[in-house]
Amino acid sequence: MKQTASVACYFLLLALSSGAASGLTNQAMPTAHTAPQSLPLPPTYVALDFGHLVGIPGFSATLLSNHFKLYQGYVNNVNTLLAEQRELLKAGQQATPVYAELKRRLGWEFNGMRLHELYFGNMGGTTPINTNSALYTALVRDFGSFEQWKNDFLATGRMRGIGWAVLYKDPVTGRLLNMWINEHEANHPAGAVPLLVMDVFEHAFMTDYQLDRASYLDAFFKTINWPVVESRF
Ligand SMILES: [Fe+2]
């Protein structure tokens, strides 16, 4: 009797699998206790094209094209990590060291991707900040003057180590904060909105400026796309 039930079960599974392969819809299939025949795939990340930045003053085409390749690597790794985690989860391997390490890595790769998009996105400007803008008013309110804010932002970018200087808006109070981000993932204020993002990993400037980070910061400041920054505010 048990053997008969097993055989029946086998043929039911066979029928279900052949039905899926032949493209039958769920309506034609038994629905109770069966998994959906086709789940939508999760979105994947696609690298954005920042080629319009080639030619901006202070940044060689070599530096920029290498930096774009590095950014594309982060996008690829985010997709790879997410796909690998999904496979491990399906295989019941979520309590393994491999799974845990992939989880740890995801924050680094994801923020490496997103911070570069924000960084390239706030470059290529040709005009100074609009002194009548709400952003300018908030910078003066929170730092005393625009120059004071700039001094603090550049001092943040000059800190030893690799990472990012980011001007954040805390949406709870509206206060603006200059933050040092260690590598890609440490020290982000929770829930805050990144307005202006500056890469201070050495790959961002060594090709053109060697160890002269101050000159890179100067070149970056001149190319800030203030309308973009204001729109994020
Ligand atoms: Fe970078």
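Biologist: How many helices and strands are there in the protein chain?

Modeller: This is a predicted model, in which local features need pLDDT of at least 70, side-chain atom pairs count only at pLDDT 80 or more, and totals for chains, interfaces and linings use all residues. Residues are numbered from 1 along each chain as its sequence is written. Helices (H or I, at least four residues) and strands (E, at least two) are DSSP runs, numbered from the N terminus. From that terminus on, the elements run α-α-α-α-α-β-β-β-α-α-α, and the protein chain has 8 helices and 3 strands.

Biologist: What is the order of the strands in the sheet?

Modeller: Strands count as paired if DSSP finds at least two bridges between them. The sheet is open, has 3 strands and shows antiparallel pairing. E2 and E3 are the edge strands, each pairing on one side only. The order is E2-E1-E3.

Biologist: How many bridges join strand E1 to strand E2?

Modeller: E1 (residues 163-169) and E2 (residues 176-182) run antiparallel. Leu167 has Asn178 as its bridge partner in E2, and for Gly163 the partner in E2 is Asn182. The number of bridges joining E1 to E2 is 7.

Biologist: Which residue in the hairpin of E1 and E2 takes a positive phi?

Modeller: This hairpin has 6 residues between the strands. The positive phi is near 85°, and the residue that takes it is Gly174.

Biologist: At what angle do helix H4 and H5 pack?

Modeller: Axes are lines fitted to C-alpha atoms, for helices over the stretch in contact, and angles run from 0 to 180 degrees between N-to-C directions. The axes of H4 (residues 134-143) and H5 are 8 Å apart, and the packing angle is about 75°. This makes H4 roughly perpendicular to H5, a label that covers angles of 65 to 115 degrees.

Biologist: Is Trp149 buried or exposed?

Modeller: A residue is buried if 20 or more other C-beta atoms lie within 10 Å of its own, exposed if 12 or fewer, and partly exposed in between, with C-beta atoms placed from the backbone. Trp149 lies in helix H5 and, leaving aside its neighbours within four places in sequence, is in contact with Leu139 and Phe143. Because Trp149 has 20 other C-beta atoms within 10 Å, this residue is buried.

Biologist: How far apart in space are Trp149 and Asn178?

Modeller: In sequence, Trp149 and Asn178 are 29 residues apart. Their distance in space, C-alpha to C-alpha, is 8.3 Å.

Biologist: Which residues of helix H7 are buried?

Modeller: H7 spans residues 213-222. Its buried residues pack against helix H5 (146-157), strand E3 (193-199) and helix H6 (206-209). The buried residues are Tyr216, Leu217 and Phe220.

Notes
Contact = placed C-beta atoms within 7 Å. Parallel < 35°, antiparallel > 145°, perpendicular 65-115°, else oblique.
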